[in-house]
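Q: Can you walk me through this one? I'll ask as I go.

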Amino acid sequence: MAEPPVKAPRSRLTPSGARLILATFAAAFGALFLVLPKPVTPHELPPLRLDDGAFAEVRAESARLAGQAPEGGVADRLRALYAAQGRAEVGQGESQEAFAARERQIRGAVATLRQQQGPDAIAALRAEAMQQLEPALAGELEQETEEEVLGSFPRMLDRYHASEGGRIVAPAPVVWALFRARWNGIHRRPLTEGFAPVELQAYHGWLALEVHDAPLDRRAAALRAFAEAGGAGAREAEAIFAMREGRMMDAAAIFGELYAETGDLRMRNHALAAQRRAY
């Protein structure tokens, strides 16, 4: 008589084996979940990213130009007027007549210097003033000199959230660009005259991306200037601004373009969120 077939013993799943299978399924499901299209509304703007190497070049060029600053005559007159402006900003106040008189004197001196020595002389004086920024902020100057150099600049840093409680929190290029704009403003020049691209990115990008309580229209204008200067993340920020302004299809189009260019799934999901909110 034939012997009955021998049945193979049934394998038992050990606890460790079960955990491995579950972990494998969980990982596979997680990966699938990550790549599935899903609408995700962006809540934060991209951070301000600046090129440290480009900023180092700006500082080196400024130091070089500072050594060519004109001496005597109208140049010294401009230095004295700049110092007087700083003292006035931290003093007890001055009459409108005194302010207007100094403004006329500054305008006249700048025009004379440009006529006599050309625009490079103005750029050199500005570079010379920039060399005083760091020692003034570090408290390395005599109080009177510090007041002449900085004037109300610390209040400007507070107003634009570049400092908190007297401690600077903004990147160095932002503080540099704000101070450079202040010098230009005092000398009745366009605020961003002589700015390199990284300075423009710092100046406009800080307002657009970091000063959250500024009016949206001002931030939007700053973002356009930031983008023109080649600022990193400008198009993503443009799409987020479009969503905040209710222009959902514009936002979806920009996010869609960014996804096509980069393959970043985050951009795809933001595009889907904008499309969903458009209807």
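A: First, a convention: helices (H or I, at least four residues) and strands (E, at least two) are DSSP runs, numbered from the N terminus. This is a predicted model, where local features need pLDDT of at least 70, side-chain atom pairs count only at pLDDT 80 or more, and totals for chains, interfaces and linings use all residues. Residues are numbered from 1 along each chain as its sequence is written, and side-chain values use heavy atoms, with hydrogens and water left out.

Q: OK. What follows helix 12?
A: Gly 246, with a positive phi near 85°.

Q: And helix 12 itself, how many of its residues are buried?
A: Eight of the eleven, so helix 12 (residues 234–244) is mostly covered. Buried means under 20% relative accessible area, exposed over 50%, and partly exposed in between (1.4 Å probe, protein chains only). The buried residues of helix 12 are Ala 234, Glu 236, Ala 237, Ala 239, Ile 240, Phe 241, Ala 242 and Met 243.

Q: What do the buried residues of helix 12 pack against?
A: Helix 10, helix 11 (216–228), helix 13 (248–262) and helix 14 (265–278). Contact here means heavy atoms within 4.5 Å.

Q: Where is Gly 230?
A: Gly 230 sits in the loop between helix 11 and helix 12.

Q: Buried or exposed?
A: Gly 230 is exposed, at 52% relative accessible area.

Q: Switching topic. How many aromatic pairs are there?
A: A search of the whole structure gives three. Rings of Phe, Tyr and Trp (its six-membered ring) pair if their centres lie within 6.5 Å; planes under 30 degrees apart count as stacked, over 60 as edge-to-face and the rest as tilted. One of the pairs is Phe 55 with Trp 176, edge-to-face at 5.7 Å centre to centre and 85° between the planes.

Q: Which helices do Phe 55 and Trp 176 lie in?
A: Phe 55 is in helix 2 (residues 52–66) and Trp 176 in helix 9 (residues 172–186), so the pair ties together parts that are 121 residues apart in sequence. Phe 55 and Trp 176 are both buried. Another pair is Phe 195 with Tyr 203, edge-to-face at 5.9 Å and 80°.

Q: At what angle do helix 9 and helix 10 pack?
A: About 90°, with the axes of helix 9 and helix 10 (residues 197–210) 8 Å apart. Axes are lines fitted to C-alpha atoms, for helices over the stretch in contact, and angles run from 0 to 180 degrees between N-to-C directions. That makes helix 9 roughly perpendicular to helix 10. Angles under 35 degrees count as roughly parallel, over 145 as roughly antiparallel, 65 to 115 as roughly perpendicular and the rest as oblique.

Q: Which residues of helix 9 and helix 10 meet?
A: Among them, Trp 176 and Arg 180 on the helix 9 side, and Tyr 203 and Trp 206 on the helix 10 side.

Q: And how do helix 3 and helix 4 cross?
A: At roughly 150°, with the axes of helix 3 (residues 73–90) and helix 4 (residues 96–117) coming within 9 Å. Helix 3 and helix 4 are therefore roughly antiparallel.

Q: Last one. How much of the chain is buried?
A: Buried residues make up 39% of the 279 in the chain, which has 14 helices and two strands.
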